[in-house]
Amino acid sequence: MRRKSLPVLFAALLFSASSFAKVSLEIDGLDKELKANVDAYLSSIPESDYSTQLRFQSRLQKSITEALNALGYYHPEVEFEVKKSGEVLAISVAAGEVTRLKLVDIVITGEAENDPDFIRVINQSGLKQGEPLNHGQYDSLKSSLRNLALQKGYFNGTYITSRLEVAPELNQAFVRMHYDSGIRYKFGATSITGSQIDENRVASLQPYKEGDPYLVSKVGEHNQNLSNTDWFSSVFVEPDLSRLDGGRELPMKVSVSPQSRNQFETGIGYSTDVGVRGTFKWKKPWINSRGHSFDSSFSISEPEQYITAGYKIPLDDVLHEYYRIQYGLKKEDNQDTKSLESNLALERHWVADSGWHRTMYIRYLIENYEQGLLDDIGQFLLPGFTFSRTRTRANGSLITWGDKQTITIEYGSDAVVSETNLVRVLAGTSWIRSVGSNHRAVARLGGGANFAEDFDKLSPSLRFFAGGDNNLRGYEYESISPLDESGALAGAKYMLTGSVEYQYRLTGNWWGAVFIDGGDAFDYTPLWKTGTGFGVRWVSPVGPIRLDFAWGLDSDPGERFRVHFALGPEL
């Protein structure tokens with residue numbers, strides 16, 4: 001007996017060992033859509049469960065049949081074959097004849113009967129007589145009608161009938177879906193709780209009127225408008241569904257909590273333009289019940305120190321129109337420029353739905369300076385306007401598409417405070433485009449012009465200097481301009497610079513870059529300067545960090561190579 005049991009035991013061990021060997025599946029006989037659905041069903045089975053045993057084959061057959069049934073194939077034939085000494089389980093599938101829709105009976109009653117959005121959803125469902133049965137299309141339409149009803153205020157909507165019947169022996173299916181939407185509710189009166197801001201101010205942010213048909217997108221817009229004011233730490237807008245039986249108009253509830261009255265922010269950074277820079281910001285998101293706000297910032301680095309303070313006064317259209325009073329004091333000691341600059345400005349802002357931001361302003365500039373051979377105090381009264389727009393699409397912290405345009409025009413007259421008659425024009429545009437997930441291009445073009453009756457009377461802050469991290473890489477910060485008789489930088493009447501950069505994803509959020517910059521700051525005829533190089537980009541949670549190795553091709557020998565490091569937005 002013992003001798004006979006050994007072969008049996010040996011065979012059992014071999015079978016057991018083969019059942020634990022790594023097995024792969026090969027599926028043949030299905031087109032793309034059927035194969036994709038079968039793969040989706042089989043993905044729920046761990047690869048560690050794969051084997052050639054009959055029990056596993058039965059499990060596979062059940063999953064494959066369910067996957068094909070979902071797409072209307074109720075007569076599949078599945079065959080298995082073990083290949084390569086048990087390493088491969090080959091599965092041959094014949095889907096058979098498809099079941100088609102014999103009857104499609106979809107009816108909308110109630111006030112949504114002629115609603116074009118409901119008609120569109122039904123027409124795009126794919127459920128049409130004679131078409132192959134797809135269970136997913138049926139389930140999708142059923143949930144889409146219900147969701148659309150909630151989005152448009154048909155809160156009493158209900159299915160009278162919703163059935164999908166299949167006769168596999170006839171290869172026929174029957175869809176019956178009758179939906180009664182009931183009435184469509186309208187926006188009712190809005191109650192506001194928890195607000196420290198005047199109720200009329202808060203109510204002006206409501207994007208709908210009492211009596212307008214309900215739309216959930218308008219509720220979301222209302223929520224976003226309130227959040228964008230920065231007056232509140234939390235915002236919640238919702239319909240009062242407990243009042244569904246109280247009439248067609250549904251009351252709206254707005255619950256908010258006040259933002260902290262004081263916010264502080266400190267930071268430290270570094271760039272090769274200015275070296276180590278420390279910053280401190282103090283902000284009061286709201287000062288009074290009218291929603292006025294205050295912000296200030298202080299920045300210190302070796303060549304530059306400045307402080308700014310601004311007071312914002314929102315108008316009736318809180319988010320899109322406001323006044324701003326701003327003061328800035330800046331001290332600079334860089335290259336051949338020493339200056340103490342004071343700016344006081346009164347601004348009127350308009351923000352259009354298209355994204356364009358218009359600003360009209362008047363600013364008073366007084367500047368005590370030394371610029372090369374010049375040592376003077378200049379003052380200017382400069383009315384002007386700015387048009388700007390920034391558009392972006394992002395994947396996390398990475399901008400995948402974007403552009404920015406800005407133009408500013410200022411005017412000064414020696415008849416009213418200014419040292420000389422002056423027209424200043426500044427303009428710039430930047431573009432970011434991506435191809436696939438691994439290629440990006442960044443392009444910039446910017447410049448400015450001073451049309452002054454007596455250029456020598458212009459303060460340094462009104463003149464142009466080129467060179468640096470965000471301008472002409474490969475050259476020292478603000479080191480490019482015409483020279484005066486002493487050989488010192490004098491500042492330019494005109495400036496024009498441009499840049500083209502290609503980036504390639506190295507891994508994750510790390511990118512490599514190659515670039516070429518060009519331009520000049522000049523008085524009459526430009527002597528174009530060119531910089532080129534390569535760099536590394538890290539898309540960090542706080543913004544892009546850039547490290548560039550650049551060569552100024554027109555610099556003096558020994559000064560051509562520079563390393564540039566900067567943190568900040570690309571647009």
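The face of helix 4 turned away from its buried side carries two exposed residues, Pro116 and Asn123. Here buried means under 20% relative accessible area, exposed over 50%, and partly exposed in between, with a 1.4 Å probe and protein chains only. Helices (H or I, at least four residues) and strands (E, at least two) are DSSP runs, numbered from the N terminus. The model is predicted, so local features need pLDDT of at least 70 and side-chain atom pairs count only at pLDDT 80 or more, while totals for chains, interfaces and linings use all residues. Residues are numbered from 1 along each chain as its sequence is written, and side-chain values use heavy atoms, with hydrogens and water left out.

Helix 4 covers residues 116-123, and its buried residues are Phe118, Val121 and Ile122. Seen down the helix axis, these buried residues fall within an arc of 100 degrees, so they line one face of helix 4; the arc is that of the directions from the helix axis to the C-beta atoms. They pack against strand 4 (100-109), helix 5 (135-151) and strand 6 (172-180), where contact means heavy atoms within 4.5 Å.

Asp115 is buried, with a relative accessible area of 6%. Asp115 also forms a salt bridge with Lys152, the closest N and O atoms being 3.1 Å apart. This pair links distant parts of the chain, with Lys152 in the loop between helix 5 and strand 5 and Asp115 in the loop between strand 4 and helix 4, 37 residues apart. A salt bridge is a side-chain nitrogen of Lys or Arg within 4 Å of a carboxyl oxygen of Asp or Glu. Lys152 meets Asp117 in a further salt bridge, at 2.6 Å from N to O. In this pair, Lys152 in the loop and Asp117 in helix 4 are 35 residues apart. Lys152 counts as buried at 8% relative accessibility, whereas Asp117, at 24%, counts as partly exposed.

Three strands form an open sheet in the order 4-6-5, with mixed pairing; two strands pair if DSSP finds at least two bridges between them. Strand 4 and strand 5 (158-167) stand at the edges with a single partner strand each, so one side of each is left without a neighbour in the sheet. Neighbouring strands of this sheet are turned by 5 degrees against each other on average, direction ignored. Strand 4 and strand 6 run parallel and are joined by nine bridges, and Arg100 stands opposite Gln172 in strand 6. Helix 5 lies across strand 4, strand 5 and strand 6, running at about 175 degrees to strand 5. For such angles, axes are lines fitted to C-alpha atoms, for helices over the stretch in contact, and angles run from 0 to 180 degrees between N-to-C directions.

Gly291 sits in the loop between strand 11 (275-284) and strand 12 and counts as buried at 4% relative accessibility. Gly291 and Ile197 are 94 residues apart in sequence, yet 6.1 Å apart in space, C-alpha to C-alpha. Not counting residues up to four places away in sequence, Gly291 touches Ile197, Trp231 and Pro314. Ser299 belongs to strand 12 (residues 293-300) and counts as buried at 1% relative accessibility. The side chains of Ser299 and Arg277 are joined by a polar contact of 3.3 Å.

Another salt bridge joins the side chains of Arg433 and Asp403, at 4.0 Å from N to O. Arg433 lies in strand 19 (residues 422-435) and Asp403 in strand 18 (residues 398-412), so the pair ties together parts that are 30 residues apart in sequence. Arg433 is partly exposed, at 30% relative accessible area, whereas Asp403 is buried, at 0%.

Strand 21 (residues 494-507) and strand 22 (residues 510-522) are joined by 13 bridges, and Thr507 stands opposite Trp510 in strand 22. These two strands form a hairpin with two residues between them, and Gly508 in the turn has a positive phi of about 55 degrees. Strand 22 is joined in turn to strand 23 (residues 529-540) by ten bridges, again antiparallel, and a hairpin through six residues connects the two.

Notes: A polar contact is a pair of N or O atoms within 3.5 Å; within protein, one must be able to donate a hydrogen and the other to accept it, and residues adjacent in sequence count only if both atoms are side-chain atoms.
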